[in-house]
Amino acid sequence: MTFKHHLFVAFIVLAAAVWEFAPLLDAGFVFQDSAWQFVRGLPGEGHGFSRSLMRESWQWQERHTPSPLAFHAANLALHICVSFLVAFLAYQLGASAFGTWIAGSVFLLNPIQAESVAYLSGRTELFAAIGVLCACLLLLPSLTWWRIVLAAVAMGFAMLGKESAIILVALVPIVRQRWALATTAMASIIALLCVSGYGSFSAGWVLIQAAAAWRLLMTAVTLTGHVVDYDYLAVSAFARWASVILLSVGLLYGWARRDVAPRIAIGACWVAAVIGLRLFIRARFGEMPNVFNEHQFYLAMVGCSLIVSDLRWS
């Protein structure tokens with residue numbers, strides 16, 4: 001592809017993104033009312049929205065650009081930035097020019113991303129993804145001291161966005177294809193979560209989370225089935241066990257392809273790491289269990305995009 005071709009594709013993809021997220025132009029602060037009141041110092045529920053980068057960015061915009069349009073435009077700009085980093089990661093992992101554009105476009109335009117972009121509180125996912133991807137890109141070529149220092153800064157940025165960015169310690173070995181190290185890091189994170197009380201080894205809970213993860217994965221593939229507050233507690237035991245089996249088969253298939261299709265293996269392991277972390281997190285808000293949902297799937301979509309980039313695009 002020539003430079004003009006890249007410019008043309010970039011224009012088409014960005015135009016598609018603007019068209020897809022156009023409803024944000026007249027959207028208000030519907031789903032973030034309690035958090036927005038918290039940031040403005042008004043009475044409201046703020047305990048669930050204490051991530052530093054999101055809070056500071058909200059407060060800065062409250063002072064300088066308080067309109068709903070400006071807030072949503074900032075989220076969209078961050079999402080476009082993350083999509084560029086996803087495409088660049090695919091390119092650094094050996095994707096062709098067309099495969100690179102496919103990876104970035106799938107991440108940018110997939111409807112499952114709507115919650116992270118449209119909801120003001122989804123900014124936590126955007127900040128965390130930027131930090132995680134920057135750290136992975138820095139450490140992919142080599143582990144020189146200056147790359148490690150900059151990656152540590154990127155990880156700090158990601159953690160200030162959202163604490164689930166701790167999964168970075170498993171994602172870096174995955175993109176570097178250090179599989180044993182990635183497995184050890186993942187097991188250590190899960191054990192730490194459970195020992196600290198933020199996780200659960202309950203088989204019933206893991207099965208519910210697996211059903212949620214499989215539904216989100218299929219929603220990302222089929223582009224249908226987007227609903228609010230899906231009732232996972234009503235999912236049958238057979239469907240829950242089937243979700244575990246299907247997720248495991250997908251991971252094993254990706255692993256088996258690691259020599260001939262490395263981005264498929266990396267993408268499958270990336271998705272498995274993000275999902276695996278969620279399987280054991282059992283934070284509760286009132287009566288509602290924190291079941292794996294759309295905005296928590298945002299980082300997993302990086303792995304899906306890497307898989308798509310390795311489908312032998314010419």
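Analyst: A pocket here is an open set of grid points with protein on both sides within 12 Å along at least five of seven lines, and its volume is the space filled by probe spheres set on the points. The model is predicted.

User: What volume does the second largest pocket have, and which residues lie nearest its centre?

Analyst: With that definition, the volume of the second largest pocket comes to about 1,100 Å³. Its lining is made up of 45 residues, which divide into 39 nonpolar, six polar and no charged. Nearest the centre of this pocket lie Leu-247, Leu-251, Ala-268, Val-271 and Ala-272.

User: Which helix gives the most to the lining of the second largest pocket?

Analyst: Helices 5, 9, 10, 11, 12, 13 and 14 each supply at least two residues of that lining. The most comes from one of them, with ten residues, and that is helix 12.

User: How are helix 5 and helix 14 oriented to each other?

Analyst: The axes of helix 5 and helix 14 come within 8 Å, in a crossing that is right-handed. Gly-99, Ile-102, Ala-103, Val-106 and Phe-107 in helix 5 meet Met-301, Val-302, Ser-305, Val-308 and Ser-309 in helix 14, a set that divides into seven nonpolar, three polar and no charged. The axes cross at roughly 150°, and angles over 145 degrees count as roughly antiparallel, so helix 5 and helix 14 are roughly antiparallel.

User: Which elements give two or more residues to the lining of the largest cavity?

Analyst: One cavity of 30 Å³ or more is found in a search of the whole structure, and about 140 Å³ of space lies in the largest cavity. Among the residues lining it are Glu-125, Lys-162, Arg-278 and Gln-296, and the lining divides into seven nonpolar, two polar and three charged. The elements that give two or more residues to this lining are helix 7 (123–139) and helix 13.

Note on methods:
Residues are numbered from 1 along each chain as its sequence is written. This is a predicted model: local features need pLDDT of at least 70, side-chain atom pairs count only at pLDDT 80 or more; totals for chains, interfaces and linings use all residues. Side-chain values use heavy atoms; hydrogens and water are left out. On a 1 Å grid over the protein atoms alone, a cavity is a set of points where a 1.4 Å probe fits but cannot get out, and a pocket is an open set with protein on both sides within 12 Å along at least five of seven lines; lining residues have an atom within 4 Å of a point. Helices (H or I, at least four residues) and strands (E, at least two) are DSSP runs, numbered from the N terminus. Ala, Val, Leu, Ile, Met, Phe, Trp, Tyr, Cys and Pro count as nonpolar, Asp, Glu, Lys and Arg as charged, and the others, Gly among them, as polar. Axes are lines fitted to C-alpha atoms, for helices over the stretch in contact, and angles run from 0 to 180 degrees between N-to-C directions. Angles under 35 degrees count as roughly parallel, over 145 as roughly antiparallel, 65 to 115 as roughly perpendicular and the rest as oblique. A crossing is left-handed if the near helix is turned anticlockwise from the far one by less than a right angle, and right-handed if clockwise. Contact means heavy atoms within 4.5 Å.
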